[in-house]
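Me: I am new to this structure and would like to learn how to read it. Could you take me through it step by step?

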Amino acid sequence: MILLKKSLFISILGIFICGATLADNADSTALQIDSTAVFYFYNNNDSILPTYYHIDTALSGSQNYNPLSKSGLFYSSLGNIGLAHQNLFFNPDLNTEFDFGINTFNGFLYSNNKTKYYKNIKPYTNLRYVMGDNKEQYFHVIHSHCFGKGLAFGVDFKFIHSPGAYERQFADDKNLVFTTQYKTKNLRYGIIGNYIHNKIIVNENGGIVSDSLFEENLETDRSLISVNLPNAENMIKNSSIFFDQYFYLSKADKVAVADTTNDSIQLEPIKKRFKFGRLSHSFSWSRNQFIYTDSDPTNTFYQDFDSIIDSIQTFDSTYFLKVENQISWSNLNINDKPQDKAVFLYFRLKHLYAEIGGYSDKKFFSQLIPSGGFSVFVLKSFRLNCDANLVIGDYNDGNLNLHAQIQQYLGNKYKNLGLIVLDANFSNKEANYFYQNYYSNYFRWENNFEKQQIVSGSATYKYRGLQTGIKYHILNKFVFLNSLAHPQQADESFSVIQAFLYKNFKLGKFNIDNHFVYQNVSNSSYLKLPEILANVKVQFTQNLFNNAAIIQPGINIYYNSLYQANSYMPALRSFYIQGVKKIGNFIYADIFFNLKIKRARFFVKYQNINGLFTGYNYYLTPHYPLQDASFKFGLSWIFFD
């Protein structure tokens, strides 16, 4: 508690330091923009000015309402929206900070780094509703309201209710975030903040008992197919508070001066002087809770794992609390653009307090994390980015991450034949806490694994909708869940090589969006991945009635090659290695028809149309069939009042 009180004290002190001087009253000029234009940005902990993105009002992609489609194109899931999932495109975990380590529901959770802060003149509201087979419902509302030029509030609420086709496949996901932002008239001080609440309740069925009932279509009513777990349930709750504030230590390069000849305000440059950069302070508090229950603990589904402690009722509860305070300095000044700055520097110092409890005595952790980086931009064509961080104290003391990146335009930034990006990363890190210490009704371990070393390198070429390249990873002392769903450390190093090609073609009114991936793992005893991944979307766009409406029919095709996919353990909310069942080598196709009338967008989608004639082999996780062919209908409507 003493550590927690110190952390809270630091945050209050940070507010006082950054907010004590709120600058002069000189206003700044603003661009004249469309009053209905809406932009958004994400928080950036590196103290870099935000990058603004225009909201997506295009018709393309209207049918992709599943949050996983926003996180990436290649995820395996349990056959229903809102359930556990994992990325089939390998991305090593390079986070060196303290983390519990269960992340299989992250695609359906709001988090600080995914929170959008909106910039708009008129009030902005976006409503979205989708309905599908088996009483599936999806509702999403976003609202942002600005008060003057400096103050804004926003709310984002999402609700997923999907019973699923199979017994005990129900998902109930609720996500809520409130945001606020404020800046002074002269832009020297600003603050953003959010409150996030997530609650996910899912039934866990352990997969179907007999795959043949599905694969031979012996039972067409999927709700009558027996499942392994008739009484299990997972609940994930998360709440967090965050704010990030900044103060520019020097005034702007220009000041407003009255022009008496024409009764106007002009901006005049002031004498150049040394600039002291920007100071910022961020604070975050988060609490995560995981609860797994099963009223039938002696179910034979668990018999191959650890012995049962409580044979009457399973109630495994774990919570993870984290408090972070970070002070940052960068050489950015008002109106600076980091992407155009010749030399950009930043330094950070973070204090992290963590607390874990529920399944054992409470454990407390405190650590300091210094970090920093620089970026050099030369001749408007070459950029070098470097950054590093080090963890000092407690569980993962000595964790280190080093990163370097080179960007080279074939020409210059504004006129070129493409961009080449070379990236290198070294990480020396402890396995996440879950892999070292865990205690539950079915699983118990206390490990002392050595630190993992991950070396990654990539080369990418980007040009006009084309992105292609290779990635190479060397993993030493890699930690994974073995076939008994227990953590194990690899006793030898191995490598992963990936090649990817992304290209969006536009041929008249046709659009062909291609994503192809090749992956090869040198030792599949530790990591199993599909060798080939493909996602191709073909659509045709046509304006109607003097552009009063737009229609867009299309088809989306997904494929992954045959491989021994990871199994899923509900009691751990985790995927683990298995070497028995191979899945993949099937086409999963959706046909869709999108329609846009003014600010309203509609779609009708017939999902998994190939399921009508190609057989019943569509799994992404063993024993969890994907949804059969079915209709989805949705609409999205934007309001500016």
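Me: Among contacts in the chain between residues at least 6 apart in sequence, what percentage join residues at least 24 apart?

Reply: Before the answer, please note that this is a predicted model, in which local features need pLDDT of at least 70 and side-chain atom pairs count only at pLDDT 80 or more, while totals for chains, interfaces and linings use all residues. Residues are numbered from 1 along each chain as its sequence is written, and side-chain values use heavy atoms, with hydrogens and water left out. A contact means heavy atoms within 4.5 Å, and in this chain 65% of the contacts between residues at least 6 apart join residues at least 24 apart.

Me: What does the secondary structure of the chain come to, and how compact is the chain?

Reply: Helices (H or I, at least four residues) and strands (E, at least two) are DSSP runs, numbered from the N terminus, and here there are 4 helices and 38 strands. The radius of gyration, taken over C-alpha atoms, is compared with a globule rule of 2.2 Å times the number of residues to the power 0.38; the chain has 26 Å, close to the 26 Å that the rule gives for 641 residues, so it is as compact as a globular protein of that length. Along the principal axes, the C-alpha atoms fill a box of roughly 90 × 70 × 45 Å.

Me: How many of the 641 residues count as buried, as a percentage?

Reply: Buried means under 20% relative accessible area, with a 1.4 Å probe and protein chains only, and 51% of the 641 residues count as buried.

Me: Which residues in the two hairpins have a positive phi?

Reply: In the hairpin of E16 and E17, with 5 residues between the strands, Gly358 takes a positive phi near 110 degrees. In the hairpin of E17 and E18, with 3 residues between them, Leu379 in the turn has a positive phi of about 55 degrees.

Me: In what order do the strands of the open sheet of 3 strands lie?

Reply: The order is E2-E1-E5, with antiparallel pairing, and the edge strands E2 (53-54) and E5 (116-120) each pair on one side only. Strand E1 (residues 38-42) pairs with E5 over 5 bridges, and Phe39 stands opposite Lys119 in E5.

Technical notes: Buried means under 20% relative accessible area, exposed over 50%, partly exposed in between (1.4 Å probe, protein chains only). Two strands pair if DSSP finds at least two bridges between them.
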